[in-house]
Amino acid sequence: MRRAQEAWRQYGPGGGSGRWIGLGLAALLVAWAASGIYRVQPDEQGVVMRFGAFNRTEPSGLRYRLPWPVESVTTPRVTRINRIDIGFRAANDTPLTRPVSARDVLEESLMLTGDENIIDIDFAVFWQIRDAGEYLFNTRNPDQTVKSAAESVMREVVGQTPIQPALTEARADIEQRVRTGVQFILDQYKSGIELTQVQLLKVDPPSEVIDTFRDVQRANADRERLRNEAEAYRNDIIPRARGEGQRMIQEAEGFKESQIARARGEASRFTSVLSAYQVAKDVTVRRLYLETMEEILRHNPKLVIDDRLQGVVPYLPLDGARPAAPAAAARPPVPPQQLTPQPAAPAPRPVPQGGAR
C-alpha cells in the first residue's frame, strides 16, 4: 500500500508531468467504454457476440455492449426481401416476372408429374430474416439451404399433381403447398428464415413437345366448349318441357274440374226441375216452354214487316249477316193510315201432359 501511494504521488495528478499521463489514461478509458454504444436501425436487428460466440439479439434503437474485444455486434437487415430463382438465371433482378432473356437451367426446372408426364417449371422464392441470431449461426449457407429445400418440396408437390391441373387451376394450390413445406423444413433447421412468397413464373411442357401439347389443349378446350353448349341447351329445353307438361296437366285438371262441376250443376238443376215438375206439372211444363222459346228467340235475328206495306223485296242473308236497314231517302214515306200497330202474339197453347216438348 505504501508503494502504491508513492507511485500515485509520483505519477498521479499531483505528481507534475505524471498528471497528464493519468488524464490521458482516463480519457482512453472513457473512450474505450463509450465505444460500446451503437445504434440498431428500424430495418435491422442487432446480434451481440461475446468473445466470438452468440450472446443475444437486440431490437432497433440505441443500445450498449461491452467494448471490444469483449463483445462485438452485427446488424443484418431483417426487413429486406431476398429472392432465389429456380429453373432459370436472369442477368437483371426482376422481382415478379421472368425476363425473356433468362437462361434456362433444365436440371432444376424439368420435373415429373403425378401422371408420369414431364413439365418445365420456373419459380421464384422470396424470403426474409426472422431471427438474425439463428440466421447467422445455425446455417452456413442460407441461400443454398432455401434453394435446396424449395426445389425438393416443389418436386414432391408436382409429383403428386397431374399435368393438366398443374398447367391450369392448381397453380395457386401448388404455391401454397410448397411454401408450407419449405417453411416447415427451415423451422426444423432453426434457420431464422421466413418465406414470404413462392411464385410460379412458367409452367409449360418441355419445348420439344409444346406445340403438340398445345394442339391437345385446344382440342380439349373445344370439347369442353361443346359440352358446355350441350349442357346449356339441356338446361334450357328440359325446364321448358317440364313447364309445358305441368301447364298441360293443370289445364287438364282445370277442364276436368269444370266438367265435373258443370255435370253436377246440370244434375242438380235436373233434380230441382224434376222436383218442381212432380209438385206442379202444368206450371213446370209451361215455364220450361217459355224459357225454351225465350232462349231460341234471343239468339235469332227477327224482322217484323207490316203485311200491308208495298214495295218490300224479300232478302235472304246467306252469309249470316243481318241486312242493313234501307236509307230513309231510298224508299217513299209510308202514309200514316198504313202504319197499324202489330197485333199481339197469341198466347201459346198449353202442351198436353205427357206430350213432346
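Helices here are DSSP runs of H or I with at least four residues, numbered from the N terminus. By that rule, Leu297 belongs to helix α9, which covers residues 281-298. The model is predicted. The protein has nine helices and eleven strands.

**Overall build**
- The protein counts 357 residues, and 24% of them are buried.
- Its accessible surface is about 25,800 Å². Carbon and sulfur atoms hold 57% of that surface.
- Take the contacts with a separation of 6 or more: 65% of them join residues 24 or more positions apart.

**Nonpolar surface patch**
- Five side chains make up a nonpolar patch on the surface: Tyr289, Leu290, Met293, Ile296 and Leu297.
- Together these residues have about 410 Å² of accessible area.
- Leu297, one of the patch residues, has a relative accessible area of 43%.
- That value makes Leu297 partly exposed, because the partly exposed class lies between the buried limit of under 20% and the exposed limit of over 50%.

**Aromatic pair**
- Rings of Phe, Tyr and Trp pair if their centres lie within 6.5 Å. By this rule the protein has one aromatic pair.
- The partners are Trp127 and Tyr135, with 6.1 Å from centre to centre.
- Their planes are 40° apart, and the pair is tilted. The angle falls in the tilted class because stacked needs under 30 degrees and edge-to-face needs over 60.
- Both Trp127 and Tyr135 are buried.

Terms used: Residues numbered from 1 in each chain as written. Predicted model: local features only at pLDDT ≥ 70, side-chain atom pairs only at ≥ 80, totals over all residues. Heavy atoms only, no water. Patch = residues over 30% accessible without salt bridge, like charges linked within 9 Å, V, L, I, M, F, W, Y side chains within 5 Å. Areas by Shrake-Rupley, 256 points an atom, 1.4 Å probe, with all protein chains shown as cover. Salt bridge = Lys/Arg side-chain N within 4 Å of Asp/Glu carboxyl O. Helix = DSSP H or I, 4+ residues; strand = E, 2+ residues; numbered from the N terminus. Buried < 20%, exposed > 50% of the residue type's maximum accessible area, 1.4 Å probe, protein only. Phe/Tyr/Trp six-rings, centres within 6.5 Å; stacked < 30°, edge-to-face > 60°. Contact = heavy atoms within 4.5 Å.
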